[in-house]
Structures are given as C-alpha cells and as structure tokens.
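Q: I would like to learn how to read a structure like the one below. Please give the general idea each time, then the case.

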Amino acid sequence: MSAPQNDNRGAYSVADDNGWYIVSCHPQSERQACAEIAALGQTVYLPAFRKEFHHRRYRKWIRQHYPLWPGYLLVLASEHWSRVLDCQHVTRVLRSQTYAGAGAPIAISSTDVQAIRHAQDSGEFDQMRMDRATVKPGDRLRLHEGAFTGQNGTVESVGDDRIVLLINAMGRELRTVVAVERVVG
C-alpha cells in the first residue's frame, strides 16, 4: 500500500486477497451510504441483525432490521476511493493511528467477512422472541427486557407463559421467573 495522506483521500492499492475496508458513514444513514456506493459499481456489505419487539401502542409484534455496527459498513478494496469518499453519506475510511497521524486503512480479510455473513444468515445476531415449545431445560437464553436486560441464563423449567432462568449475578446464581416474550435465543 502506498503512504496514505492525512486528508483521508490517499491512494490505496487493491489488496492481494481483495480485502474489505471499514467505511464510516453519517449516523443512521448506513442504508443510504450503501445505495450510493453500490451505484458507483463498488461491492458493499452492511452487516445487520433482526430484532423483534412488542409495540405497546399497536399491541402487536414488530420485526425490524438494524445495522450490526451502527455507523459503519464494509467496502471491497478498490482503486476508486475518491469516488467512495465523495458520496454524500460517507464520512471516511477507518485507519490505524500512528505517531505522525493517520496510518494505513484498516482491512478485514475476505474470510472474516464470509464468517460474518454466515453468522448473519444463520441468525446468530438476531434478537427474536422465543417460541415456548422450542425451549427446554438446560438451554442458554438472554433477557432482552426487564431488570436483567442483556444477562444470559440457563433455563431451569418452562411453564405455559413463564420461564424460570438461573442467572449469574452478584456473585451467585439467582433464580428469576420471566415471561417468554422477554427472552431471546
């Protein structure tokens, strides 16, 4: 790679393994940035996850897609960085920091991007509500609502609309009873 300039528009060469680079975009405009970059003929990837939540006003379950890394997307190595950086919603290409200023752009290998795609396709990042029929004692679940939001627990027993979870908190194992819709797989 040639020496990058501090204005973030330095010359880049295509990596030998067609590496991907992390591109920063304006807040909540990841999809617009993807569309702009794709319109230039560049290969772009926005890792995302699905989240399902209960809408209190409409009293129904809503499923939405969210970026896995808000404000960032991945672009395949290119000779046309100036065109990518001229996009309205793109702010910069992430670079490593050196003593004299900005270093080389941060690259991600194609195998790592494929692993992220595989995890996304298999639903590893998704936060979907659980079906009570599929939950059995010994399963590991995560709470997405309530006092222990984000905590993982082991299922001890399953009732009609409640699950008993064992959560490690405060140095010991706590037993908590939660509604089925408050846990994700």
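A: Start with exposure: a residue is buried under 20% relative accessible area, exposed over 50%, and partly exposed in between (1.4 Å probe, protein chains only). This is a predicted model, where local features need pLDDT of at least 70, side-chain atom pairs count only at pLDDT 80 or more, and totals for chains, interfaces and linings use all residues. Residues are numbered from 1 along each chain as its sequence is written, and side-chain values use heavy atoms, with hydrogens and water left out.

Q: How many residues does the chain have, and what percentage of them count as buried?
A: The chain has 185 residues, and 37% of them count as buried. Its accessible surface, by the Shrake-Rupley method with a 1.4 Å probe and only the protein chains shown counting as cover for residues, is about 11,000 Å². Carbon and sulfur atoms make up 48% of that surface.

Q: How many helices and strands are in the chain?
A: Both are DSSP runs numbered from the N terminus: helices are H or I with at least four residues, strands are E with at least two. The chain has three helices and 14 strands.

Q: Which strand pairs with E3, and in what sense?
A: Two strands pair if DSSP finds at least two bridges between them. Strand E3 (residues 48-55) runs antiparallel to strand E4 (residues 60-67), with eight bridges joining them. Phe49 stands opposite Tyr66 in E4. The two strands form a hairpin with four residues between them, and Arg59 in that turn has a positive phi of about 55°.

Q: Which strands pair with E5?
A: Strand E1 (residues 20-25) pairs with E5 (residues 72-76) in the antiparallel sense over five bridges. Strand E2 (residues 44-45) also pairs with E5 in the antiparallel sense, over two bridges. Val75 in E5 stands opposite Tyr21 and is the bridge partner of Val44.

Q: What is a nonpolar core, and which residues have the most contacts inside the largest one?
A: In soluble globular proteins, nonpolar side chains tend to be buried together. A nonpolar core is a set of buried Ala, Val, Leu, Ile, Met, Phe, Trp, Tyr and Cys residues joined through side-chain atoms within 4.5 Å. The largest here has 17 residues, and Val23, Ile37, Leu73, Val75, Trp81 and Val90 have the most contacts inside it. E1, helix H1 (30-39), E5, helix H2 (81-85) and strand E6 (90-93) each give two or more residues to this core. Apart from it lies another core, of 12 residues, among them Val135, Leu165, Ile167 and Val180.

Q: How many salt bridges are there?
A: Side chains of opposite charge can pair when their charged atoms come close. The rule asks for a side-chain nitrogen of Lys or Arg within 4 Å of a carboxyl oxygen of Asp or Glu. The count comes to three. One joins Arg63 to Glu52, with the closest N and O atoms 3.6 Å apart. Arg63 lies in strand E4 and Glu52 in strand E3, so this pair ties together parts that are 11 residues apart in sequence.
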